[in-house]
Amino acid sequence: MPTLTKLYSMQEAAEHGSKDDCWVVIDGKVYDVSSYLDEHPGGDDVVLAVTGKDATDDFEDAGHSKEARELMEKFCIGELDESAPVIPELEIFSKKQEADYAEKLKDLSKQYWAAPVAVIGISVVVGLLYLRKK
């Protein structure tokens, strides 16, 4: 097995997520599987779905054979740089943030009460005028 010296960040791996240029990260190693996508028994979409993230769990869950693991080695181009920052996760709102938004919405409704009241008032007046004409 060749010595791996090239280190890649998860961000770099994520930039290679197309059918013509596809990298995956498994067990801390980076693989360029672009040339193998058409041959992959599960189809290329399965591999493309795990680009840009650590695909170790997906790889293990699929139950790959010993031969598949040996075949992987020829696609290995380096290792994952664990010291590099990972791709930021989406922000998940906490209950406090939800309460803040609810409070802001209440404040807005207190500030802008005139418009809905005016619409209701005009509707009532138009309705009464319409009923008087009948």
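**View 1. Burial and exposed surface of the protein.** A residue counts as buried when under 20% of its relative accessible area is left, and by this cut-off 24% of the 134 residues of the protein are buried. The structure shown is a predicted model, and the values given in these legends were computed from it. The protein exposes about 10,200 Å², of which carbon and sulfur atoms supply 59%.

**View 2. The order of helices and strands.** The protein holds six helices and five strands, which, when followed from the N terminus on, run in the order β-α-β-β-β-α-α-α-β-α-α.

**View 3. The largest pocket and its centre.** Rolling a probe the size of a water molecule over the atoms shows where empty space is left. The largest pocket contains about 380 Å³ of space, and 20 residues line this pocket, with Ile26, His40, Val47, Phe59 and His64 the closest to its centre.

**View 4. The elements that build the lining.** Which elements each supply at least two residues of the lining of the largest pocket? They are strand E3 (21–26), helix H2 (44–48), helix H3 (56–61) and helix H4 (66–72), and H4 provides the largest share of the lining, with three residues.

View 5. When the residues that line the largest pocket are divided by type, 17 are nonpolar, two are polar and one is charged.

Key:
Residues numbered from 1 in each chain as written. Predicted model: local features only at pLDDT ≥ 70, side-chain atom pairs only at ≥ 80, totals over all residues. Heavy atoms only, no water. Helix = DSSP H or I, 4+ residues; strand = E, 2+ residues; numbered from the N terminus. Buried < 20%, exposed > 50% of the residue type's maximum accessible area, 1.4 Å probe, protein only. Areas by Shrake-Rupley, 256 points an atom, 1.4 Å probe, with all protein chains shown as cover. 1 Å grid on protein atoms, 1.4 Å probe; cavity = no way out; pocket = protein on both sides within 12 Å on 5 of 7 lines; lining within 4 Å. Points joined across faces, edges and corners; volume = space filled by probe spheres on them. Nonpolar A, V, L, I, M, F, W, Y, C, P; charged D, E, K, R; others polar.
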